[in-house]
2 protein chains.
Amino acid sequence: MTNPTAAILIIGNEILSGRTQDVNINFIAKRLAALGIVLSEVRVVPDIPHRIIDAVNTLRAGYDQVFTTGGIGPTHDDITSECIAEAFGVPWEIHPETFAAMEKHIGKENFNAARQRMATLPRGAEPIKNSASLAPGFSIGNVHVMAGVPRIMQAMMLALEEVLPRGTPIAMRAVYGIGVLEGAIAEGLTAIQNRYPALDLGSYPFMQERTKSGVAIVAKGTDLPAIEQAIAEATTLIAGLGITPAQGEPP
Amino acid sequence: MTNPTAAILIIGNEILSGRTQDVNINFIAKRLAALGIVLSEVRVVPDIPHRIIDAVNTLRAGYDQVFTTGGIGPTHDDITSECIAEAFGVPWEIHPETFAAMEKHIGKENFNAARQRMATLPRGAEPIKNSASLAPGFSIGNVHVMAGVPRIMQAMMLALEEVLPRGTPIAMRAVYGIGVLEGAIAEGLTAIQNRYPALDLGSYPFMQERTKSGVAIVAKGTDLPAIEQAIAEATTLIAGLGITPAQGEPP
């Protein structure tokens with residue numbers, strides 16, 4: 001697989017404490033699949049400098065692209081930007097263009113020290129302009145630093161997509177059967193996976209209510225005709241149990 | 001802080017592909033906070049043996065408890081159990097008690113090779129009995145291996161809580177103000193954080209709609225009186241802006 005790889009780093013005590021249900025991983029994961037970038041790892045770390053710095057340096061060495069969310073606001077717990085500077089071994093300094101734009105928008109009298117921190121970036125960082133917030137995210141090397149607030153993060157991700165290197169889009173097709181038990185199809189699924197080694201064939205039980213339990217079979221990869229053939233075979237497998245298969249994901 | 005620490009390892013291509021919105025992290029995070037266990041890291045890795053083995057060995061060395069979800073069913077993509085055996089350097093073998101119980105429940109004729117894999121555990125593993133599934137999760141050393149399907153995972157987590165070592169419960173209180181801007185309270189918040197260094201004071205902007213934007217201030221820790229005092233000070237800080245503070249999290 002020659003598709004680029006990626007990791008996500010969520011910087012957020014609020015995720016680890018259970019206060020906040022993360023929705024950023026799923027948003028970024030879907031966008032990356034469409035871009036043909038293979039998301040290979042996610043980490044969530046607390047707002048502690050050495051934890052952030054270590055994670056950034058490990059992930060940027062291991063993957064083609066790294067996306068971080070969280071910690072770029074003006075308050076005491078927003079420490080991502082200076083940690084990224086330290087991870088890259090560069091100064092953390094006023095970004096003149098961003099400083100001027102924020103000062104103009106906020107007004108000189110309200111552009112206090114806390115807000116000026118948002119115009120302070122690692123040297124060499126390129127701001128990620130976006131429609132949701134004047135304070136920018138930024139890219140440095142292969143690391144893309146975005147906000148934690150989902151609406152702002154999403155605007156930054158969409159802006160970023162314009163410049164990200166792309167691979168062959170990763171396609172996904174599914175079939176499911178209500179009442180299917182994984183143990184009844186496991187052997188047949190193994191045979192299908194073996195016939196399509198380049199695909200990623202997954203088996204996912206679902207349980208909404210007792211009457212809506214079953215299994216979804218999902219094929220994923222860059223070869224759409226193979227995906228469709230594998231799903232056709234999985235459809236036959238489900239039908240062989242005397243259960244009516246339904247195309248797509250369970251509702 | 002003498003509270004025990006923990007990490008979560010999500011084993012799941014379906015999270016990395018964007019197919020599935022994870023809800024297991026948040027459930028486990030909340031339960032751990034109530035038990036006084038500090039969740040310090042989360043990783044999501046794909047269904048690839050060396051990735052699972054490396055992550056398990058790193059996390060079990062770094063934290064008091066490790067919770068994994070996903071990959072313990074009967075299909076070809078369920079490889080967590082044998083990877084845990086390899087991570088611990090022990091044989092992966094039939095667990096006689098589990099084998100007998102599953103065979104009895106499923107019936108000898110339906111207890112095929114795929115289903116027998118679910119009765120195969122790392123040597124020394126202790127099954128996690130639960131109300132949702134006959135196939136058990138298991139604990140080995142400080143690693144607790146649970147299902148990926150949320151309803152089954154939750155039953156396993158609740159069963160596990162009976163035996164987990166506990167710490168002082170981690171309490172959390174919040175206050176928010178609609179219309180508050182982080183840049184206006186950052187300095188005051190820093191002062192509060194400095195007065196309560198043992199607490200974790202977080203500032204979280206929210207944006208449901210334009211009219212419902214604001215900031216929530218969250219204090220977290222094991223010292224409830226200090227938490228309540230810090231939140232009282234944050235309440236005063238918000239009121240000082242001419243904005244009416246509301247106790248708790250924003251709706």
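This passage describes a predicted model of two chains, from the fold of one chain to the contact between the copies. Because the model is predicted, local features were considered at pLDDT of at least 70 and side-chain atom pairs at pLDDT 80 or more, whereas totals for chains, interfaces and linings use all residues. Residues are numbered from 1 along each chain as its sequence is written, and chains are lettered from A and ligands numbered from 1 in the order in which they are written.

Chain A contains nine helices and 12 strands, where helices (H or I, at least four residues) and strands (E, at least two) are DSSP runs numbered from the N terminus. Its C-alpha trace spans about 75 × 40 × 30 Å along the principal axes. The domain assignment divides chain A into domain 1 (5–161) and domain 2 (171–247), with bounds that come from an automatic or database domain assignment, and the C-alpha centres of these two domains lie 38 Å apart. Of the 251 residues in chain A, 52% are buried; a residue is called buried if 20 or more other C-beta atoms, placed from the backbone, lie within 10 Å of its own, exposed if 12 or fewer do, and partly exposed in between. Contact is assigned to two residues if their C-beta atoms, placed from the backbone, lie within 7 Å, and among contacts in chain A between residues at least 6 apart in sequence, 69% join residues at least 24 apart.

In chain B, strand 3 (residues 65–69) is largely enclosed by the rest of the structure, because five of its five residues are buried. Gln65(B), Phe67(B) and Thr69(B) point one way from this strand, while Val66(B) and Thr68(B) point the other way. Strand 3 of chain B runs parallel to strand 1 (residues 5–11) of chain B, to which five bridges join it, and Ile10(B) stands opposite Thr69(B). Four bridges, again in the parallel sense, link strand 3 of chain B to strand 8 (residues 143–146) of chain B, with Val66(B) opposite Val143(B). Pairing of two strands requires that DSSP find at least two bridges between them.

Chain B can be laid on chain A with an RMSD of 0.0 Å by a turn of 180° and a shift of 0.0 Å along the axis, the superposition being by least squares on the C-alpha atoms of residues with pLDDT of at least 70 in both copies. The two copies are therefore related as by a two-fold rotation axis. The C-alpha of chain B nearest the axis is that of Arg43(B), 2.2 Å from it. Strand 2 (residues 38–45) of chain A and strand 2 of chain B pair in the antiparallel sense over three bridges, and Arg43(A) stands opposite Arg43(B).

Altogether, 48 residues of chain B are in contact with 48 residues of chain A. Elements that give two or more residues to this side of chain B include helix 2 (24–35), strand 2 (38–45) and helix 8 (182–195) of chain B.
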